[in-house]
Amino acid sequence: MRDQCTRSKTGGRTLSLQPRELQEVLDHARLQQSDEQWRAKYGKRAGIEGTIHQAVAVTGIRRARYLGLQKTHLEHVFSAVALNLIRLDAWWNGTAPASATWPASTSHSPRDRDSPRGRYSERESTWVFAATR
């Protein structure tokens, strides 16, 4: 009967059962997710998380480069300005951001290590632009 259930040569299928209380909570959460009000609320959260991902990927905002609240705040302000400039550039040029991972002002992937606007730094895992070289 294994051929009818799986293509695996070594193992069969497994069935994982949760404790009843956990399964009921999971079923209730899935039922709530089918509601339009929940989807609208989650859509807002998805947009915010996309922005946070872009900030982390483009500016490396997850780890502060400086010590102290004032310097860290200033770094966050500069990161926000950089993201806004990237988005303005995409809006002015009528282009959508290539992805949240790479700056919207460039359509280059990490394979394009050098470009007129900047270069990709393997060591820092981020883009280095002409103004910061």
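Predicted model: local features only at pLDDT ≥ 70, side-chain atom pairs only at ≥ 80, totals over all residues.
Because Glu49 and Arg45 are four residues apart in helix H3, about one helical turn separates them; helices here are DSSP runs of H or I with at least four residues, numbered from the N terminus. Residues are numbered from 1 along each chain as its sequence is written, and side-chain values use heavy atoms, with hydrogens and water left out.

So what joins the side chains of Glu49 and Arg45? They meet in a salt bridge, at 2.7 Å from N to O, where the term stands for a side-chain nitrogen of Lys or Arg within 4 Å of a carboxyl oxygen of Asp or Glu. In general, side chains of opposite charge can pair when their charged atoms come close. Glu49 is partly exposed at 40% relative accessibility, and Arg45 is partly exposed as well, at 47%; by these terms, buried means under 20% relative accessible area, exposed means over 50%, and partly exposed lies in between, using a 1.4 Å probe and protein chains only.

Let me turn to helix H3 as a whole, which covers residues 36–59, that is 24 residues, and reaches 34 Å from its first C-alpha to its last, close to the 34 Å expected at 1.5 Å a residue; the expected span is 1.5 Å times one less than the number of residues. Its buried residues include Gln54, Ala55, Val58 and Thr59, and Gly60, with a positive phi near 65°, follows the helix.

Helix H4, residues 69–92, also has 24 residues and reaches 34 Å between its first and last C-alpha, close to the 34 Å expected. Which residues of H4 are buried? They are Thr72, Glu75, Ser79, Leu83, Ile86, Asp89 and Ala90, and H3 is among what covers them. Just after H4, Gly94 takes a positive phi of about 70°.

A search of the whole structure finds two salt bridges, and the remaining one to describe is between the side chains of Glu75 and Arg65, at 3.3 Å from N to O. Glu75 lies in helix H4 and Arg65 in the loop between H3 and H4, so this pair ties together parts that are 10 residues apart in sequence. Glu75 is buried, with a relative accessible area of 9%, whereas Arg65 counts as exposed at 54%.

Technical notes
Helix = DSSP H or I, 4+ residues; strand = E, 2+ residues; numbered from the N terminus. Contact = heavy atoms within 4.5 Å.
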